[in-house]
Amino acid sequence: MAKAFYRLQKFLRRTQFLLFFLTAAYLMAGSLLLLQRTRLVIQQGSHGTSTNQALLVPDETTGVGIADPRALQNPHPGPRLLVGMDALQEPALDQQHSPRWLVSRNSELRQLRRRWFHRFISDQEPMQTAGFKVIKHTAEHKGTYIGCFTDDSRERTLKGAVFYDLRKMTVAHCQEACAERAYSYAGLVYGAECYCGNTLPATASKPEECNSECKGEKGSVCGGVNRLSVYRVEELQAGARRRRNVIYRGCFRAPENLTDTFPASLIQPNLTVEMCSEFCSKKEFPLAVIRGQECYCGYPTGRFSLRDGADGLRCSGTRNTSSAAQGKYCLVYQTPVQDTRCTDRKFLSTKSKVFVALSSFPGAGNTWARHLIEHATGYYTGSYYFDGALYNKGFKGEKDHWRSRRTICVKTHESGKTEIEMFDSAILLIRNPYKSLMAEFNRKYAGHLGYATDRNWKSKEWPDFVNSYASWWASHVLDWLKYGKRLLIVHYEDLKQSLIPKLREMVEFLNVTVTEDRLLCVENNRDGNFKRSGAKQKDFEPFTQEMKDLINRYILTVDEALRGRNFTGLPREYVPR
């Protein structure tokens, strides 16, 4: 009996030890996982602007400094410490007391990366094409299906690249977009890309080779791999003609030989703007030039660059007579047709040896600058983040890994020593903080192309946003000035005012050679699809005097830092209000 009891006691001791060991291992594993997650949060926080590197704002208005965002959140400021740029330290970030803008920004980055992951997974799912030779063409759209054609990206017949939509592309959307731009044919490829033109592709393909289902319309065909599903859209043109935009570009001195300058021409009694624009649109030219009864079609070129406009009075009578200053001047209109000389883009064929950043504070025009760079160089730009809305607008580099080195440069809003030193060089885009703050606030509440409502501006979010983001605007520039290896400073305002000279400077910095005609094409397409739509409040002033005092100190600090590094100071319009 005693022997059996001893064995039972020995077994229980072993069981207790085993249970204790398993419990301890479970607790240790949980602790390690918790520590790792905390470390990831801290690392993501460090990817934003390093708050410890922000200079504190002095109480005296005559001083110059950058404010600690934590101090800005306190409505009852206490003593503030001034720290010089060269004495900046890098202590660990306290997540509990980190500024609201940093927590918000990290949340946005996590959402972007999560969104990218889900889209990446969905794209990897193989399309069920077994036993599916030809997708049924639904009758919901009005255009006539012409057939399946070979798509050669190098010699594309339908050259007017209108838009991409990875998630919601439909045949009707593509047709309407092409009709609004006065094209006769709409072509879809890869289930998500829409192209327009007035000439059918030369090489027909087998119907079953167009087997990609439209991303946003089940049962409809949207091309295939290097295959175009082509639709005729003339039935839509009658209704769309009212929506077409023919833009008046101005009065210009006519070139000496108009026939040599412009590839197509028409002489028509009682010529009207509509008649000339329609003629040039059919010929797929972006410019319609009128001199008396003569209509000419073409592109901006070195011989006719549209840079030096004349007084509109010199063109009085040009539409109906040929006597406008003895025929020396002409009226110029922009047709709905896209200038396609600079729309071709691709990834770099070999990995770039120089890793270039396109860095800016949010709201400083980074997306617009990417549009200009892509069309000028012919290469895609990448992004540290993933934005599906931008991918849908044709920024294919959004989906490429930001460290692939297959793009000409990489968009980033990051700052901090580690994030900056990853790049070999950078184009630092700076915009007036007043305009940048408003643009970013609009983006947060209404997307890339919308405006925040009056309710948003009057909410408590706006003062908090200014207090947090204004310091980020300044510290972003200061960080790049301190840690950037090779910088090209570009002011957004200078780029808008002198686009071709500044764009040529940016392209040379990227070590790319471009032609003058390509730069003129970029200038002709300068706005792209990035103008905000909706009601914009006139003479709207959302900044209080307290906000202005804060922002003005940051402006003076950044201006001093730029001059200290032998760069040109901030433009005159940045001068404190």
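User: Which strand pairs with β8 over two bridges?
Analyst: Keep in mind that this is a predicted model. Strand β8 covers residues 247-253, and its two-bridge pairing is antiparallel. Within that pairing, C251 has A310 as its bridge partner. The strand that holds A310 is β12.

User: Which strands stand at the edges of that open sheet?
Analyst: The sheet is open and has six strands, with antiparallel pairing in the order β9-β11-β10-β13-β8-β12. An edge strand has a single partner, so one of its sides is left without a neighbour in the sheet. That picks out β9 (264-267) and β12 (309-310).

User: What is the handedness of the disulfide of C251 and C315?
Analyst: The two sulfur atoms are 1.9 Å apart. This link spans distant parts of the chain, with C251 in strand β8 and C315 in the loop between β12 and β13, 64 residues apart. The torsion about the S-S bond is about 80°, so the disulfide is right-handed.

User: How many residues apart in sequence are the parts tied together by C178 and C196?
Analyst: These two form a disulfide with an S to S distance of 2.0 Å. C178 lies in helix α4 and C196 in strand β4, so a helix and a strand get tied together, and the separation is 18 residues.

User: What is the handedness of the link of C342 and C521?
Analyst: Their sulfur atoms are 2.1 Å apart, which is a disulfide. C342 lies in the loop between β13 and β14 and C521 in helix α16, so the pair ties together parts 179 residues apart in sequence. With -70° about the S-S bond, the link is left-handed.

User: Which helix holds R518, the salt-bridge partner of D344?
Analyst: The side chains of D344 and R518 meet at 3.2 Å, N to O. D344 is in the loop between β13 and β14, and the partner is 174 residues away, in helix α16.

User: Is D344 buried, exposed or partly exposed?
Analyst: Below 20% counts as buried and over 50% as exposed, with partly exposed in between. R518 has 14%, so R518 is buried. D344 comes out at 44%, so the label for D344 is partly exposed.

User: What is the N to O distance in the salt bridge of E398 and R370?
Analyst: E398 lies in the loop between α9 and β16, while R370 is in helix α8, so the pair ties together parts 28 residues apart. Both E398 and R370 are buried. Their side chains meet at an N to O distance of 2.6 Å.

User: Which helix holds both K458 and D454?
Analyst: Their side chains form a salt bridge at 3.0 Å, N to O. K458 is exposed at 66%, and D454 is partly exposed at 32%. The two are four residues apart, about one turn, in helix α12.

Methods. Residues numbered from 1 in each chain as written. Predicted model: local features only at pLDDT ≥ 70, side-chain atom pairs only at ≥ 80, totals over all residues. Heavy atoms only, no water. Pairing = 2+ DSSP bridges. Disulfide = S-S within 2.5 Å. Salt bridge = Lys/Arg side-chain N within 4 Å of Asp/Glu carboxyl O. Buried < 20%, exposed > 50% of the residue type's maximum accessible area, 1.4 Å probe, protein only.
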